Amino acid sequence: MPPKTIKVLFITGFGPIVRNQKSSRKLYVQDLGLSFKKEEGGYLHTEELEGVKTFALWPLSQAAQSCFGTDTWPPEIPIPQAWLEFDVEEVEAASKELEKQGYKLLVSARREPWGQVVTRLLSPEGLLIGVGYTPSMRDKRK
């Protein structure tokens, strides 16, 4: 039972801890096309993206199943410390562009049992990045 003195209202923010600013900036700014404000010391941030639709504690065995079809993460691939997913307009086009930019895709345009179509890769920081189409999270307005 959670403590009664703490009530989490929403996720304030999420982002990787960056070791190599150049390679991280390439993925998020150049390749994914995100716009950031730059602060002193190289801190990049944006408040222009919609909020997180899901916050989840994803077991490594399930992440491995999603990427490799097995419950075990391959020892030759660094184990991710977190996951971050972006819904995109065109999964296949985004997948081709990321591959063209030199990223190793762990899975490309895979249809998950819950209907999501997703491509997954590891970011320079070791995050499991997904770019996909999640029907249940799309705006249903006409």
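On a 1 Å grid over the protein atoms alone, a pocket is an open set of points with protein on both sides within 12 Å along at least five of seven lines, and lining residues have an atom within 4 Å of a point. The second largest pocket here is lined by Pro16, Ile17, Arg19, Ile79, Gln81, Ala82, Pro124, Glu125, Gly126 and Leu127.

Before I go on, a word on the source. This is a predicted model, in which local features need pLDDT of at least 70 and side-chain atom pairs count only at pLDDT 80 or more, while totals for chains, interfaces and linings use all residues. Residues are numbered from 1 along each chain as its sequence is written, and side-chain values use heavy atoms, with hydrogens and water left out.

Back to the pocket. Its space comes to about 180 Å³, a volume being the space filled by probe spheres set on the grid points, which are joined across faces, edges and corners. Six of the lining residues are nonpolar, two polar and two charged. In this count Ala, Val, Leu, Ile, Met, Phe, Trp, Tyr, Cys and Pro are nonpolar, Asp, Glu, Lys and Arg are charged, and the others, Gly among them, are polar.

Next, the sheet. Strands are DSSP runs of E with at least two residues, helices runs of H or I with at least four, numbered from the N terminus. Two strands pair if DSSP finds at least two bridges between them. Four strands make an open sheet in the order β3-β6-β5-β4, with mixed pairing. β3 (82-87) and β4 (105-111) are the edges; each has a single partner strand, so one side of each lacks a neighbour in the sheet.

Inside the sheet, β5 (residues 117-122) and β6 (residues 127-133) run antiparallel, joined by six bridges. β4 and β5 are also antiparallel, with four bridges, and leucine 105 stands opposite leucine 121 in β5. These two strands, β4 and β5, form a hairpin with five residues between them, and glycine 115 in the turn has a positive phi of about 100°.

Opposite arginine 120 stands glycine 130 in β6. The arginine 120 side chain also makes a polar contact of 2.4 Å with the side chain of glutamate 85. A polar contact is a pair of N or O atoms within 3.5 Å; within protein, one must be able to donate a hydrogen and the other to accept it, and residues adjacent in sequence count only if both atoms are side-chain atoms.

Key. On a 1 Å grid over the protein atoms alone, a cavity is a set of points where a 1.4 Å probe fits but cannot get out, and a pocket is an open set with protein on both sides within 12 Å along at least five of seven lines; lining residues have an atom within 4 Å of a point.
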